[in-house]
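Biologist: Please walk me through how the side-chain contacts of this model are read, one feature at a time.

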Amino acid sequence: MKQIITLFKPLSIIAIAVTFWGCSAQRQPRHLAPDWVMGGFVRPAGVNPVIEPDSTTTFVNPMNGQLVHWENNDTFNPAAVVKGDSIYVLYRAEDKTGIKIGHRTSRLGLAASADGTHFNRQKTPVFYPGADSQREFEWPGGTEDPRIAESEDGTYVMFYTQWNRKVPRLGVATSKDLKNWTKYGPIFKKSNILPELVNKSHKSASIVTKLENGKQLITKVNGKYWMYWGEHGVYGATSDNLIDWEPVVDEKGQLKAFISPREGYFDSSLTECGPPAILTDKGILLLYNGKNHPEKGDKRFNKGTYSAGQVLFDSKDPGKVLARMDVPFLRPMEAFEKSGQYVDGTVFIEGLVYFKQKWFLYYGCADSKVGVAIFDPQHPAALDPIPNEK
């Protein structure tokens with residue numbers, strides 16, 4: 001795994017405890033970060049947000065035959081993957097058919113970029129609810145919040161939320177070209193361990209990947225494909241074929257949470273899985289979205305705000321936590337991250353790709369737009385600053 005060892009530039013001060021970051025210092029110097037942490041990420045000047053709503057594009061809704069402006073309300077929560085010499089982003093787009101988030105219809109748009117910051121977008125969505133086998137799970141709410149990764153045979157595997165406005169479920173689909181997709185339905189529909197899980201709320205899947213000769217691919221852990229999933233805790237699941245998944249349970253046969261929200265921290269309300277996890281020489285690195293509880297959270301951060309954290313798992317025992325950040329490495333800082341349909345502010349990370357020796361992180365901005373931040377392992381920057389104590 002030689003190529004992975006160089007992803008995170010070795011640091012001289014690695015003995016400093018992660019909990020040190022809970023102090024009231026205004027900045028998080030990169031030289032104080034434990035050597036397993038990825039970052040800091042820099043928002044490139046003058047390019048964000050990289051994707052915004054478009055009121056000019058239209059699409060014939062196959063559910064009723066009506067013409068709809070499918071991305072005129074919000075464009076956010078993106079997945080990302082490298083294909084050829086470009087980065088492709090699949091982003092969630094909402095129309096104006098409802099009064100608020102979750103009450104409109106979501107579809108996935110496709111955008112391509114040769115430099116990771118300037119995008120050309122398809123005029124119509126490439127993934128959406130239709131008159132197909134998944135109609136009962138995807139209509140009228142739509143297809144939401146994708147995460148995507150490439151398998152060893154070149155197949156793109158996407159996990160997304162199927163939303164029928166009753167129960168959110170994790171669905172899976174595959175493609176060879178990112179435009180034509182095969183839907184397989186809920187990932188837990190064939191579960192023998194917890195067959196009832198398919199009809200309970202579950203979302204946000206981060207499949208484990210690794211770098212092979214500079215290419216990020218889905219990999220196995222202990223002979224099986226492995227994903228982290230969940231929002232009220234980080235759970236696990238395994239698969240032999242990438243389509244049918246079994247949840248990881250404890251000795252009592254109940255879902256086993258590897259990490260959970262922590263009172264007094266930035267992730268006190270939710271710990272929602274982010275982009276595909278990465279197998280490194282330090283362990284399995286998961287970047288996740290933490291929501292700050294309005295009453296029980298970290299008082300330095302706004303109530304209800306979403307920020308991004310990191311947790312490191314054992315590569316041989318992927319449910320075992322080795323280390324966890326106590327403060328976020330990315331938080332709402334820019335105006336477009338703090339102002340949108342989610343008024344408390346959000347950087348919601350879902351897309352992470354290795355491109356031209358750098359890591360590009362794509363995220364939803366206040367549930368309204370798409371932003372990008374870049375980590376250069378050869379020139380690591382400081383992490384996002386931490387506010388003073390309130």
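Biologist: Is Trp181 buried or exposed?
Modeller: Burial is read from relative accessible area: under 20% is buried, over 50% exposed, and in between partly exposed (1.4 Å probe, protein chains only). Trp181 has 14% relative accessibility and so counts as buried. Phe127, at 2%, counts as buried too. This is a predicted model, in which local features need pLDDT of at least 70 and side-chain atom pairs pLDDT 80 or more, while totals for chains, interfaces and linings use all residues. Residues are numbered from 1 along each chain as its sequence is written, and side-chain values use heavy atoms, without hydrogens and water.

Biologist: How many aromatic pairs does the structure hold?
Modeller: Rings of Phe, Tyr and Trp (its six-membered ring) pair if their centres lie within 6.5 Å; planes under 30 degrees apart are stacked, over 60 edge-to-face, the rest tilted. The structure holds 20 aromatic pairs. In one of them, the ring centres of Phe127 and Trp181 are 5.9 Å apart and the planes stand at 80°, so the pair is edge-to-face. Phe127 lies in the loop between strand 6 and helix 2, and Trp181 in strand 10, so the pair ties together parts 54 residues apart in sequence. Helices (H or I, at least four residues) and strands (E, at least two) are DSSP runs numbered from the N terminus. Elsewhere, ring pairs join Trp226, Tyr228, Phe258 and Phe313 into a cluster.

Biologist: Which residue lies over the face of Phe127?
Modeller: A charge sits over a ring if NZ of Lys or CZ of Arg is within 6 Å of the ring centre and within 35 degrees of the ring normal. Over Phe127 it is Lys183, at 5.1 Å from the ring centre. The charged end of Lys220 sits over the ring of Tyr225, 5.1 Å from its centre.

Biologist: Which side chain meets Lys183 in a salt bridge?
Modeller: A salt bridge has a side-chain nitrogen of Lys or Arg within 4 Å of a carboxyl oxygen of Asp or Glu. Lys183 meets Asp132, at 3.0 Å from N to O. Asp132 is in the loop between strand 6 (120–121) and helix 2 (135–138) and Lys183 in strand 10 (residues 181–186), so the bridge ties together parts 51 residues apart in sequence. Lys183 is buried at 17%, whereas Asp132 is partly exposed at 33%.

Biologist: How many salt bridges are there by this rule?
Modeller: The count comes to 21. Among them, Asp267 and Arg324 meet at 2.8 Å, N to O. This pair links distant parts of the chain, 57 residues apart, and both Asp267 and Arg324 are buried. Asp74, Arg92, Glu94, Arg104, Glu144 and Asp145 are linked in a network of salt bridges.
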